[in-house]
Amino acid sequence: MDQECVSLLPRVCEVLADSSKSLPDDTSLEKLLDWFTEAGRSLLETCPCLLDFVSTVVNNTDSDPSVISFTLRLSGLLTATEDGFKKLQERSVLDLVFNFQRWQEAGLWEDPCIRIGWIQGLRGTLQHPKALSFFVQSDFIKPLLQLQTDSSLFVASAANHMLAHILLFFQPVSPAGSNGIHKKDQYAERTNAKYTAVVVAISEYLKESLVPKEKTQLHQSLQILKLLALLLAQARPPLRDTLLRTVADSLQELVTAGYSQLTLPLMDVILAANSSSGPDECVARLLSSMLNANKPADLIHAAAAYLRRGRLDAVHTAQAARILLLPIDIITGQTLLGTDTKAADEHRVLMVEQLKNKTSCVSMICVCLTNTPHITLVPPDVLLTCHPAFVVLAVLSLLRICSGDSSSSPTGCREVYRNVIGSGKVQKCALEALTALSSSPGAKDKMNEVFTLLIQYLDNPDSDPTVIHKSYKALIKWLSVCTDVSSITDQLRQDLIRVVQKRVCDMRWEVRDSTVEFLGQLAGVQVFLKSAEEEACRASEALLGGCSTTPLLREALQDPESYVRASATSALAQTLAHSWQQGAALTQEETEIVNRLLEILSEDTEGFARRAVVQYFIAWFSSRSSHKHPSSSLLMNSVHSVISKGSVDLDWEVKVHTLQLAELLLDETFSGHQGYKKGSDTDPASLHPYGVVSDQAYTLHTHNLQRTNMEGSDSAGALSNLVEQGVFSALLSGLVDCDRPVGLKACRLLITVRETVCPLPLDATAAMATVTCELPGWGWGQEIRNILGRKKNNQTKEADIVVDSGEDGEVGEVGASERGDGLCVSVCDALRCLQLDETLDVLTQSSDHVHNSLLSLLQDILTSNAAHTHSDKEQGEEVIVDCY
């Protein structure tokens, strides 16, 4: 904390402690507490005025509740060290601060902010043995246990975490370890005795309160289960064993009672105990009880929880898997449980009755479907009767039933499966399960059945857009694991071509968008054709045959919906990438596509489509086989247009993508320069954390370029080419852009260029001095001129830089010469004079780094108070503390 803040703090404390004054914005207190937390253990030494502040506030029960709550939490920060604890204790402040009865008598305890301040303050204090002694002697355990079931969820949660903190933080460690408690054996014994008393009190409370006496106490049981799960997951022996031994009977009673609302919290407790210990008879008994519950819905949820998070053993794993397969077995009639169905038969009757209710049926089936991939990963020696291929067939059968094909389940329970007919929720869950099942062992044998079903779903007029999207996703996933695409029948291929041509013209834009995305993804999937030798090929070529997807995607570029236009552009990049890599000559159709994309970049009103266009050219530039290929002339001309248009786009992401394209040009141009450091950003996501970033990483192919040491005229020629391509103008305009991600990337790239090609003044060559860039007389050009002009004012007269004074008295530019409305500047002179390193320091800070500071916060509090105390303040005028 700097000296200026320290000097202001006493005045701020005076304002906060004055009960006659109030803050217009309570969030300033939260922010102030954050700054104090960052100050750490030295807070009381640096700011002794805080001790007087705490004393003043706690002695005045008329203070604002938010200020009192703030003071309680601040006291926790101050007493987190033994020294701070001692100082507050010597001032007789500590007892006043945490005397909850005093706050109750003052009528303040009813305010939740006081209760949560008390809890959090105590938690801050309980960081050393002296605080534990204070806690025990003050008998704070009783009110804390009461707050554990407080009507305020925030207070109850804070109390829960506080109880967990006490038990976990002070639990004894082995002799080899040390947490500061065992400095002296006698002192450690006293501390352990106090800790043991706390453990006993909390354990007994959990035991007595775990089972609700009536249904209105279920909330209390829920909170206790949350606390137990938290404790058992982190506790070490002997604490874990003590807790489990104490509450075991109560847990068993709760399991037997069958409260559906507590099923998942109960499983959390049991699984936490199961994963943190070795084989435990008590835990195994509880787990068996949960997996034999009488209520089918509870049974399903318990089995799912075990398979997802449990430490699996053969007996319980097989039991859980059978439970989750049973509803699907009942509906579809598929034999999923084999002949040994004794365990399943015990639950079948109740399960059928529950499934006859439509709401319960849909919910239970969705839980089962979500967990089917876990079932197929169960080792074969555990679940002998259910091969993964049978599970795939069952999911396919369920999907057919959902679409109304009841004939596919002649042996299923008709009273049950009618509940899932037309259920979009079940369809989506089943399609997600089918997608995940593609990687299950042995599932690939059912490829044709899967393709048939998915194409039927894509062709079904009743399929909603989300179902179609998930069908496409499943199709791509199954294709990606296909070992022989030639096994797919010609009829299926023809059906796929027909349905794609149909869906790409669908009236719903979401369906068109999914179809276009699918075509792009299909082009990126490698599949195999089994012939004399295994031959890898594109899935789009193998499945769609002579049906070219390019005309469909080209047509989609005219779509009225911007999302579809953007998806079509991305799909075209994926589709054409192979020919770019092979160096194939551009067709007339591809040339027309380029022209259309440039039109979109210039004219499209939506940013999604324009971003996709720039990324298309990034992909093309990165993927082409050689910069000497005939098609490169069209590419380079297009790149020039993209950079000039993209750099002045209104969408900041378009501008960032444009700078990425400019960076690829830099990489190619200077790939032979020994001083060039490729890549300006270590973490692209950090440049624009709230923006949409492409999943595809682009790497420039420069393997065929010889690495040489570029000097003199070579560097000048390379730099001149970049200027002609518009790269330097794009970087300069980006430098002064109002969007920080754009400015940050442009600044880093300019620094890279400066360090690569600009020699020091004494080593400057005539060739480099001739490379100039024109600055327009408006917009970004004028801003760059102003920066260069201000830099010139700080330079000495001996500098060999030309300075022109205009008629209006403005300072001329560095190394500048007039040419019409524009003005040319020496590239290297400009790079040296733009103060790029200082600019980078500013840009790498957060956008609110000036205002979001402790000094600003303290000044705001004082300014706000002054405004409220002025009697001559104009009516209606407000002074509001900055929003933090």
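Just after helix H2, Gly40 takes a positive phi of about 75 degrees. This is a predicted model, where local features need pLDDT of at least 70, side-chain atom pairs count only at pLDDT 80 or more, and totals for chains, interfaces and linings use all residues. Residues are numbered from 1 along each chain as its sequence is written, and side-chain values use heavy atoms, leaving out hydrogens and water.

Let's stay with H2 for a moment. Its 13 residues should span 18 Å at 1.5 Å a residue, and the end C-alpha atoms are 19 Å apart, which agrees. (That expected span is 1.5 Å times one less than the number of residues.) Buried residues (under 20% relative accessible area, 1.4 Å probe, protein chains only) in H2 include Leu29, Leu32 and Phe36.

Here are the helices in this tour (DSSP runs of H or I, at least four residues, numbered from the N terminus):

| Helix | Residues |
|---|---|
| H2 | 27-39 |
| H19 | 314-332 |
| H20 | 342-355 |
| H31 | 562-582 |
| H33 | 607-623 |

What lies in the loop between H19 and H20? Leu336 is found there, and Leu336 is buried, with a relative accessible area of 2%. Leu336 sits 8.0 Å from Ala394, C-alpha to C-alpha, although the two are 58 residues apart in sequence.

Now for a helix pair. H31 and H33 pack at about 5 degrees, with axes 8 Å apart (axes are lines fitted to C-alpha atoms over the stretch in contact, and angles run from 0 to 180 degrees between N-to-C directions). They are therefore roughly parallel, a label for angles under 35 degrees.

Technical notes: Helices (H or I, at least four residues) and strands (E, at least two) are DSSP runs, numbered from the N terminus. Buried means under 20% relative accessible area, exposed over 50%, partly exposed in between (1.4 Å probe, protein chains only). Angles under 35 degrees count as roughly parallel, over 145 as roughly antiparallel, 65 to 115 as roughly perpendicular and the rest as oblique.
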